[in-house]
Amino acid sequence: MNEKTTLDLENLRDLIDGVDQQLLNLLRKRLDLVAQVGTVKHAAGVPIYAPQREASMLAKRRKEASEMDISPQLIEDILRRLMRESYLNEKDVGFKQVKTDLGHIVVVGGEGQLGGLFSQMLTLSGYQVKSLDKDDWDQADALFDGAGMVIVTVPINVTCELIRSKLNNLPDHCILADLTSIKSEPLNAMLEAHKGPVVGLHPMFGPDVGSLAKQVVVVCDGRDTEKYQWFLEQITIWGARIVNEDAERHDKAMQLVQAMRHFSSFVYGVNLCKEEADIESLLQFSSPIYRLELAMVGRLFAQDPELYADIIFAQEGSQVAISDYLDNYRDALDLLKSGNRDAFVAQFRDVAKWFGDFAPQFQHESRAMLQSVNDMKTN
Ligand SMILES: O=C(O)C(=O)C[C@]1(C(=O)O)C=C[C@@H](O)C=C1
């Protein structure tokens, strides 16, 4: 059935179409300017992401919007979306090469997704990148000869063994780095296998990010830190933020942030499957927050099971974190079974107190996400 309309409505819609076309012309102009910014930044080695500029620009536009009786949040949303586009466009121009006398870089596992992303970013920055994958080990000596850096990005369950058995004869000056999502064991393996500079990295994002702007890379120092500072600077130019962390503290945090989180999403999916839930109707009746939760769980099952098995099985400590979670779940269920509503409310309050200012902050952040989820709906 066609949507109801009237002549007056159609006339107004024609005018709106005209304004939207003007918006398109303005967007084209902005994109062209951003392309020029990209070229200037490329030459000067200025990072893609400029948080201070963004904050001051947003503050000014919000104020101007208020003065024009436009919602400040509206202009902020639009500008943030436009800046996301800028990150992608500025990337295509390439990046300044911080270290020009390095020699080539070997990415072990370069055909994997994360390896592919790093290879792309390094190539866009002028480095010569060579990939070494499963079937290339017979050419390893030739590939490592003259290499200035070797980056290991293979599945976690083979990383340490590969470092120990295959990367124990690199040129002394060569930097050895890994991108594994746990850090202690790979870092120790690299320090044992190689005498030269060593650094452990954990990019806290998936390979489908498009741009590294605003992403975080955790850095665990290994040896000869001054020899790889250029690489950290290079990553900053790509737009990412470097967070230095001790390897053990990092791994402990990952037990909660990755293993326990992914595991509970996995169980949530298993449960929906066993209950033979009807996803169509769940979506039909879901509030935006439930849709988001379903999306978080569902997206897990759109990805590679091996990858998640690697992450969840990587650390024995994760089993403790997951068991603790199960205990807490059981305790909460006992509370429910006992009908002790007051105890539930009291515990809720305790936890809310523990979250402190983060609770309202998360509520605020999720409001914007939920509105985006609603925007995505087409019926
Ligand atoms: O001004 C810059 O540095 C830009 O790169 C442009 C721009 C924008 O689109 O306005 C994009 C990214 C930066 O984080 C800040 C602003």
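What follows is a chat about a predicted model of a protein chain with a ligand.

Colleague: Before we start, what are the ground rules on numbering and confidence?

Modeller: Residues are numbered from 1 along each chain as its sequence is written. This is a predicted model, where local features need pLDDT of at least 70, side-chain atom pairs count only at pLDDT 80 or more, and totals for chains, interfaces and linings use all residues.

Colleague: OK. How many helices and strands are there?

Modeller: The protein chain has 15 helices and 7 strands. Those are DSSP runs numbered from the N terminus: helices are H or I with at least four residues, strands are E with at least two.

Colleague: And which domains is the chain divided into?

Modeller: Domain 1 is 15-92, domain 2 is 104-245 and domain 3 is 250-376. The bounds come from an automatic or database domain assignment.

Colleague: How many residues are in contact between domain 1 and domain 2?

Modeller: On the domain 1 side 7 residues are in contact with 9 residues of domain 2. A contact here puts the two C-beta atoms, placed from the backbone, within 7 Å. For the classes, Ala, Val, Leu, Ile, Met, Phe, Trp, Tyr, Cys and Pro count as nonpolar, Asp, Glu, Lys and Arg as charged, and the others, Gly among them, as polar. The centres of the two domains, taken over C-alpha atoms, are 34 Å apart.

Colleague: Switching to the ligand. Which residues surround it?

Modeller: Val34, Val37, Tyr49, Ala50, Arg53, Glu54, Leu82, Met83, Ser86 and Glu90. The cut-off is a C-beta atom, placed from the backbone, within 6 Å of the molecule. By class, that shell has 6 nonpolar, 1 polar and 3 charged residues.

Colleague: Which helix gives the most to the shell?

Modeller: That's α3, with 4 residues. At least two residues each come from α1 (7-44), α2 (51-67) and α3 (72-92).

Colleague: What is Tyr87 in contact with, leaving aside neighbours within four places in sequence?

Modeller: Ile48, Tyr49, Ser211, Ala213 and Gly239. Also, Tyr87 and Gly38 are 49 residues apart in sequence but 8.9 Å apart in space, C-alpha to C-alpha.

Colleague: Now β5. Why call that strand largely enclosed?

Modeller: Because 6 of the 6 residues of β5 (residues 198-203) are buried. Val198, Gly200 and His202 cover one side, with Val199, Leu201 and Pro203 on the other.

Colleague: Which strands is β5 joined to?

Modeller: β4 (residues 175-178) runs parallel to β5, with 3 bridges, and β6 (residues 216-223) runs antiparallel to β5, with 6 bridges. Pairing takes at least two DSSP bridges between the strands. Asp178 has Gly200 of β5 as its bridge partner, while Val199 stands opposite Asp221 in β6.

Colleague: What about the loop between β5 and β6?

Modeller: Phe205 lies in that loop. Phe205 counts as partly exposed because it has 16 C-beta neighbours inside 10 Å. Phe205 and Gln215 are 10 residues apart in sequence and 6.8 Å apart in space, C-alpha to C-alpha.

Terms used
Buried ≥ 20, exposed ≤ 12 C-beta atoms within 10 Å, placed from the backbone.
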